[in-house]
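Hi everyone, thanks for coming.

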Amino acid sequence: MRRLPCWRRWPQVARTPCRCVSSAPSIPGSAQGAAWNVNASERGYKDLATKSILQHGFVLLHGLFAGEELDRLATPAISKTQEVLSMLQEKGVELSVGSRLGFHEVVLRSPGRYDVPCPFEAFNGELLQKIDCIANELLSDKAAHRPPARAFAGTVRASPGSEAQIWHADSPHASDAHRGPHLLNVLVATQDLVPSLGPTELVPGSHILTNHLREGAQFGTELLYQSPGNSPELVGAEKSPVLAEMAKGSVLVFDDRILHRGGGNTSKLNRDVVFFSYSHPSFEHATHYEAVRSLETYDHRSLAETVRSEFPGLRSNSHDAPVLADGASGSQLHTSAIQAVQDQLCYGTANIGGAYESSQRAEATVQRARLAMSEFLGCAAEEVVFGASMTALVLHLARALRPRLQPALDSKCKCNIVLDPISHGANVWPWVKLAGKLGAEVRWLPVKANCVLDTEDSLLAAAIDKDTCLVAAGAASNGVGAIHDVGTLCKKAKELSRGRAMTLVDAVHYAPHGQIDVQRVGCDFLVCSPYKFFGPHAGVLFGRRGLLESLPADRLDCSDDSLPSSLNNHMSRWEVGTQNYEALSGVTAAVNYLADLGHRFGGADPNGTRAERLEAAWGAIDAHENDLKRRFLEGLRNIRKVRLLGEEDPACAAHRTATFAVSKEGLAPQ
């Protein structure tokens, strides 16, 4: 998603009638007489195109580039696409949809639809002038004599079998009154775009209707994403969508606020479209491409072999050393975490709040650990709470929730608590005990046959209703490795409970396997344990600031009753007694180790922020674990009388962690 635009003065544009052109090339299925069809050989095509874009939101410029011209224009972008996609294959990268999951060099816009950038400088400047003239007319800041900015260029490749995109707009309107375009997209057909190749579909006039700021709009910024509910009907469109069929060398130019989608490619050919995007000089566009990773320095295949020697617990001179596969006990500690614990024990034993060096060192240890975990979880540092373990923190939270929920029950209001039946016991029994003390009903979330929580509306509605006060679920099962869609669960829990239910996610098992972003998940609380991701024994709780400030936490009378700040030496009202400084020092080291993986193997800039390097690290870890999961699942099929719990299909390996619960007929677990 692009950032919101920053506008200078920008005049409102009158709706100018567009001349109807009937001389477009003959293309099967095209609307020959439609006003948005303009023949590039016609005199004054630039003015006709400009009027069509202002009125309808787009124009089809037929025959703009002849055969040799098209080859000269398209060759740099197509060559770059071949180079990048070959590199993807060589490095064993399986892209996921979304710019944050891509690279500088390539992004997957939707399944099978690759977007490969190519710098404007690589293209023939003389040929670009045919497009520049239209951008100049619509996007120049004439008062300041500033031309439009060249924003993006490259290729969009829709591979055979790729499905149609969901309807969407590319950027938001800036005011409730309609204004001229702030960004134009230009798509050049490198082949005849017939229906089987999936030409772009556009809704005429919807560049005005997509304004979510206008009075009476029944939608918001979901139009900027490929949200399932998006449709021409949602924006009140009266005109039918237009399929932009074009002959080779023709061009589609559109206001990027128009409702549009790429069509499905049902042919056996790649559909390559070269694109150029221009922006108004006052419009601050964000990059379409991954700001974190570069494919050139990405190498997940060497990760395991390289880091093995950095874990003392994996070093052995014996050829029959055991494989340490006891997931419940936690991960091995990275050498940097062990060293950090040792250093803290040697030099940092003190109470915080003193005016002496060891005290200040202890305070800095707490502060650094809180900042590291805030970047690990995607939250504010004040929303991080440390404890002895995840279990201790959940029990602590359950005690704090009782005074919040008890008054409602005393007034004869109903209350139920909804739990995950295959969750970690520490995320079940504290809530069962709380329900018993409150006299509340305990309900259970539905589970699919592959042990994944079912988020289908009717099934969830049978468990969650207006009387639900808490929903607690695991992000992944520590028993069978199933990964749950907790983002959808938290969203639907709020909807079904009419905003009453608080949500807690147990991410203890998920945390070593994938990136956590509490803002994307949308939960009220989340817990995890650093000893599961290469650090020492400790517990971490995320809580939304308003809840952490308002819930009655158990504490001593002499303790500060606020969230962490410089005034209370970065301690929280939720943290009782002296902190485990050595463990917190190890926590920071573990997070730093993960961030280092981001630039060592994930393609991140070593000078990037820790949050950026963490994001890249999870991409490499995910790819490494997917290789392991597929190898395990495929190999297991060749072993007789073995039963696997959870997802068994290697093609669905992404739906589970690299944790496997197996049993073999006739063989005891021991």
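Let's start with Glu441, which makes a salt bridge with Arg443, the closest N and O atoms being 3.3 Å apart. By salt bridge I mean a side-chain nitrogen of Lys or Arg within 4 Å of a carboxyl oxygen of Asp or Glu. Before I go on, a word on the source: this is a predicted model, where local features need pLDDT of at least 70 and side-chain atom pairs count only at pLDDT 80 or more, while totals for chains, interfaces and linings use all residues. Residues are numbered from 1 along each chain as its sequence is written, and side-chain values use heavy atoms, with hydrogens and water left out.

Back to our pair. Is Arg443 buried or exposed? Arg443 is buried, because its relative accessible area is 18%; the cut-offs are under 20% for buried, over 50% for exposed, and partly exposed in between, with a 1.4 Å probe and protein chains only. Glu441, at 42%, counts as partly exposed.

Arg443 has another partner, too: its side chain meets Asp465 in a salt bridge of 2.8 Å, N to O. Arg443 lies in strand E15 (residues 441-444) and Asp465 in the loop between helix H10 (457-461) and E16, so this pair ties together parts that are 22 residues apart in sequence. Helices (H or I, at least four residues) and strands (E, at least two) here are DSSP runs, numbered from the N terminus.

How many salt bridges are there by this rule? The count comes to 27. Another one of them joins Arg613 to Asp596, with the closest N and O atoms 3.4 Å apart. Arg613 counts as buried at 13% relative accessibility, and Asp596 as partly exposed at 30%. There's also a network of salt bridges linking Glu94, Asp627 and Arg630.

On to the cysteines. A disulfide here is a pair of cysteine sulfur atoms within 2.5 Å, and the count comes to one. Which cysteines form it? They are Cys415 and Cys469, with sulfur atoms 2.4 Å apart. Cys415 is in the loop between helix H8 (390-410) and strand E14 (416-419), and Cys469 is in strand E16 (residues 468-474), so the bond ties together parts 54 residues apart in sequence. Both of these cysteines are buried.

Last topic, the rings. Rings of Phe, Tyr and Trp (its six-membered ring) pair if their centres lie within 6.5 Å; planes under 30 degrees apart are stacked, over 60 edge-to-face, and the rest tilted. A search of the whole structure turns up eleven aromatic pairs. One of them is Trp36 with Phe58, tilted, at 5.3 Å centre to centre and 35 degrees between the planes. Trp36 and Phe58 are both buried. Phe311 and Phe534, in contrast, are edge-to-face, with 5.6 Å between centres and 65 degrees between planes. And finally, Phe120, Phe123, Phe276 and Tyr278 make up one aromatic cluster.
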